[in-house]
Amino acid sequence: MRILFIGDIVGKIGRRMLQEHLLELKRQHGAQVAIVNGENAAHGKGITEKIYKELLTAGADFITLGNHAFAKRDVYEFLDEDIRMVRPANFPEGAPGKGYGVVNVNGVKLLIMNLQGRSFMDAIDCPFRKADAILDAVDADEIFVDFHSETTSESLAMGHYLDGRVDAVVGTHTHVQTNDEQVLPEGTKYITDVGMTGFRDGILGIRKEEVIERFLHQLPVRHNVPEEGAGILSGVIIDTKTNKIDTIRIRE
């Protein structure tokens, strides 16, 4: 199977980049399924039902989330419906939504799992033990994991922990594409972070002046996600048959 994954969609520019490039990328790379991380799709924080449908219309087959999964309260009930979107599985029991989904791709059962790291992030349930529990409970032919993590060490630890048990572990959250795409010793395709899709000339999709101001003065600064400007699209193409992972980067 060829899986196309696009990293953190940030705001209106990120959604535009997806609309302009996703279908062509699927065709160009022969991808049978396209997964995107949409946790920043609503002006840089969270997602709405309307934007969820917009991402599917752009060509996404499935959507993963992250630490901003619940930023828009109007999505709580929607997450509990039968939708093609999952939030991190290791949120405490009782949180809206599901942490994994199984899709049928040309007769192949693909398990898509979403997990969130804990280093420098919210103190939620253990992602390693949650991954074990899901793998024990769910039968699938191929398994894809989006690990939403702040640190390279925790991401690498998850990659090696799941090596040989899943087909791919890809990182999201830092918005910076790493240069470490690789096949781990037991065959799992891995990258620490696939990067973001959004405003190209800022810092993590935000206007750079505001981020620099925050570092300079350590005072609260409202972060604005531009709605116009040049974009960047970041992702990976994973081939589970030939055991390859390659990065994708489109800059306007």
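Let's start with D139. Its relative accessibility is 59%, so D139 counts as exposed. Please keep in mind that this is a predicted model.

So what does D139 form a salt bridge with? The partner is K109, and the closest N and O atoms are 3.6 Å apart. For anyone checking that against the cut-off, a salt bridge here needs the nitrogen within 4 Å of the carboxyl oxygen. The two ends come from distant parts of the chain: D139 is in the loop between α4 (127-137) and β7 (142-148), while K109 is in strand β6 (residues 108-116), 30 residues apart. K109 comes out at 32% relative accessibility, which makes it partly exposed.

There's also a network to look at: R16, E20 and E252 are joined into one by salt bridges that share partners.

How many salt bridges does a search of the whole structure find? The count is 10. Here's another of them, between the side chains of R2 and D239, at 2.6 Å from N to O. R2 sits in strand β1 (residues 2-6) and D239 in strand β12 (residues 231-239), so this pair ties together parts that are 237 residues apart in sequence. As for cover, D239 is buried because its relative accessibility is 9%. R2, at 25%, counts as partly exposed.

Now compare that with a local one. R27 forms a salt bridge with E24, and the closest N and O atoms there are 2.5 Å apart. Both residues lie in helix α1 (residues 11-29), 3 residues apart, which is about one turn of the helix. R27 counts as exposed at 57% relative accessibility, and E24 is partly exposed, with a relative accessible area of 38%. In general terms, side chains of opposite charge can pair when their charged atoms come close.

Okay, on to the rings. We have 5 aromatic pairs in the structure. Take Y52 and F78: the ring centres are 5.0 Å apart and the planes are at 70°, so the pair is edge-to-face. That pair also links distant parts of the chain, with Y52 in helix α2 (residues 49-57) and F78 in helix α3, 26 residues apart.

Next, look at F70 and Y76. Their ring centres are 5.6 Å apart with the planes at 75°, so this pair is edge-to-face too. F70 counts as buried at 17% relative accessibility, since the line for buried is drawn at under 20%. Y76 is partly exposed, with a relative accessible area of 24%. If you bring in F91, you get a cluster: ring pairs link F70, Y76 and F91. For any such pair, the description rests on the distance of the centres and the angle of the planes.

Click on E77 and you'll be in helix α3 (residues 76-79). E77 has 69% relative accessibility, so it counts as exposed.

V176, I203, L204, I212 and L216 make it, and it covers about 430 Å². Let me pick out L204, which is found in the loop between β11 (198-199) and α6 (208-217). L204 is partly exposed, with a relative accessible area of 40%.

Last stop, R73. Where is it placed? You'll find R73 in the loop between β3 (62-64) and α3. R73 has 63% relative accessibility, so it counts as exposed.

Okay, that's my list, over to you for questions.

Key
Residues are numbered from 1 along each chain as its sequence is written. This is a predicted model: local features need pLDDT of at least 70, side-chain atom pairs count only at pLDDT 80 or more; totals for chains, interfaces and linings use all residues. Side-chain values use heavy atoms; hydrogens and water are left out. Helices (H or I, at least four residues) and strands (E, at least two) are DSSP runs, numbered from the N terminus. Buried means under 20% relative accessible area, exposed over 50%, partly exposed in between (1.4 Å probe, protein chains only). Rings of Phe, Tyr and Trp (its six-membered ring) pair if their centres lie within 6.5 Å; planes under 30 degrees apart count as stacked, over 60 as edge-to-face and the rest as tilted. Patches are made of residues with over 30% relative accessible area and no salt bridge: like charges are joined within 9 Å, nonpolar side chains (Val, Leu, Ile, Met, Phe, Trp, Tyr) within 5 Å. Accessible areas come from the Shrake-Rupley method with a 1.4 Å probe; for residues, only the protein chains shown count as cover.
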